[in-house]
Amino acid sequence: MSKKTLLLCLCIVATLVIGLGSTLAYLTDTDTKVNTFTVGNVDIMVDEEFEQNSPLAPGATVNKDAQIVNTGATPAWVWMTVAVPSNVAPYLQLNWADGVQPDNEAHNVIGDDGNEYTVYTVYVDEAPLDAGEETGKLLDSVTLSGAVDYQNGEFVVVENGVVTPIGEDLSELDVIVSGYAVQTEGFDTFGEAYNAYHAQWNDPTIPTEASPEPANGDDEEVEFETPAGAYRVTSAAALKDAVAAGETTLLLAAGEYNIDNCGGKTLTLVGEDKEGTIINIVGGAQGEANGQLDYGLDSSNVTFQNLTIKSNNQTYAGYARLNGIYKDVHFVNTYCLNGTSEFDYCTFDITGDQYNIWTWGAPTATFNHCTFNCDGKAVLLYGTANTKLSISNTVFNDSDALDVAKTAVEIGNDYSKSYELILNNVDVNGFAENPNGILTGTTLWSNKNSMGTDKLNVIVDGTDIY
């Protein structure tokens with residue numbers, strides 16, 4: 001099906017936050033379109049202009065005007081959230097009203113349906129919303145990326161000739177708009193009211209019976225399900241034979257795997273034992289990039305899950321021309337990216353004078369809820385591709401074993417490429433400001449080659465700082 005004929009339906013799903021077996025400490029109200037709920041005498045509603053099941057074609061925009069109305073009798077502090085399935089968030093643009101900016105770009109929670117959502121929050125914190133007043137339009141419309149397509153029975157993204165599965169059924173795409181309110185009595189500022197609400201409800205952004213959102217970094221309690229019908233293999237030779245026979249979803253028993261001759265495939269490789277199932281990165285025979293590129297998955301699209309990937313810790317060690325999705329993966333030693341890459345709940349461990357990650361040949365690299373453990377060199381945004389690097393809800397730990405002045409994300413450029421760095425909710429422990437190039441005044445990122453704003457854009461917690 002071509003992009004021109006692909007139609008997707010955006011549906012607003014009504015959800016309800018309920019407190020059981022306790023007395024509310026505050027007068028609050030929650031409204032998720034199309035339901036309006038009243039607790040005490042605080043009453044709001046989400047007012048929007050939107051036609052349910054509106055068709056949305058790739059590259060098209062659908063109007064979705066949304067605002068909060070105080071329909072109660074008392075003033076209230078209010079805010080709005082918009083939640084999108086996390087797999088889809090990079091490809092669905094939320095167009096805010098003029099002058100409106102979300103407080104955060106990547107606040108992720110687990111919904112009561114078991115799926116992960118990326119949540120954008122708009123604070124209306126300058127003054128309380130009086131009875132009968134409205135905020136004015138906050139959300140204007142949504143736009144689906146023109147790179148989205150439907151091929152071979154699944155939704156994919158096609159960029160620069162590379163096809164990457166989205167991993168989400170977009171035939172019914174839920175965009176959840178919610179409004180929240182707390183009475184002004186007892187709260188002098190928006191921050192006091194907002195914090196009190198969250199303390200009462202844990203995290204009300206997506207109704208859930210699960211625990212609150214995990215702290216930054218890889219959370220070992222987060223587990224991804226093994227795909228049904230995965231074909232189990234017990235050796236590298238068996239893996240190669242299974243792929244040659246047409247198997248695409250494989251369960252790897254504990255053991256070590258040097259993957260050979262599995263290029264040009266779309267595969268899912270799941271470890272039976274996260275620490276016991278080890279995929280080794282070995283150098284290629286072609287001598288390219290110091291001979292450290294592994295060609296066993298050349299030009300493939302692979303999802304790795306619940307396993308360990310280990311390299312020989314040599315510069316450029318990685319898979320040639322691989323588009324990878326990594327879920328709950330433990331990386332040992334340096335790993336060089338050579339295609340579109342996404343990392344969720346991964347841990348990176350390295351010792352010595354090497355980086356955990358080089359972006360090198362990756363047009364996009366996304367890290368969410370990851371932990372980097374190193375001796376002073378974590379991520380190098382550098383290489384032969386125009387790269388967009390996004391890092392959210394992640395922790396960087398520096399053991400200080402190396403006598404180097406490096407930030408958590410080092411940025412260099414010898415290839416006249418353009419880089420975009422987006423950082424949200426990132427913790428940095430250790431590291432040092434890099435004295436080379438344009439000083440950034442932070443241990444979070446560096447501009448060691450003095451790149452101009454025509455080649456480098458940096459956004460931290462929603463603010464464009466360079």
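Author: Two strands count as paired if DSSP finds at least two bridges between them. Strands themselves (E, at least two residues) and helices (H or I, at least four) are DSSP runs, numbered from the N terminus. The model is predicted, with local features needing pLDDT of at least 70 and side-chain atom pairs pLDDT 80 or more, while totals for chains, interfaces and linings use all residues. Residues are numbered from 1 along each chain as its sequence is written, and side-chain values use heavy atoms, without hydrogens or water.

Strand 38 (residues 419–424) runs parallel to strand 35, and six bridges join the two. In this pairing Ser392 has Asn424 of strand 38 as its bridge partner. Strand 35 also pairs with strand 32 (residues 364–368), again in the parallel sense, over five bridges. There, Phe367 stands opposite Ile391 of strand 35.

Buried here means under 20% relative accessible area, with exposed over 50% and partly exposed in between (1.4 Å probe, protein chains only). Across the protein, buried residues make up 53% of the 466 residues. The protein has 41 strands and two helices. In a regular strand the side chains alternate between the two faces of the sheet.

Phe367 belongs to one aromatic cluster, whose members include Phe343, Phe348, Phe372 and Phe396. Rings of Phe, Tyr and Trp (its six-membered ring) pair if their centres lie within 6.5 Å; planes under 30 degrees apart count as stacked, over 60 as edge-to-face and the rest as tilted. The structure holds 29 aromatic pairs. One of them is formed by Phe343 and Phe348, edge-to-face at 5.6 Å centre to centre with 65° between the planes. Phe343 counts as buried because its relative accessibility is 0%, and Phe348 does so at 1%.

Phe348 has a further partner in Phe372: the ring centres are 4.4 Å apart and the planes lie at 5°, so this pair is stacked. Phe348 lies in strand 30 (residues 347–349) and Phe372 in strand 33 (residues 371–374), so the pair ties together parts that are 24 residues apart in sequence. Phe372 is likewise buried, at 0% relative accessibility.
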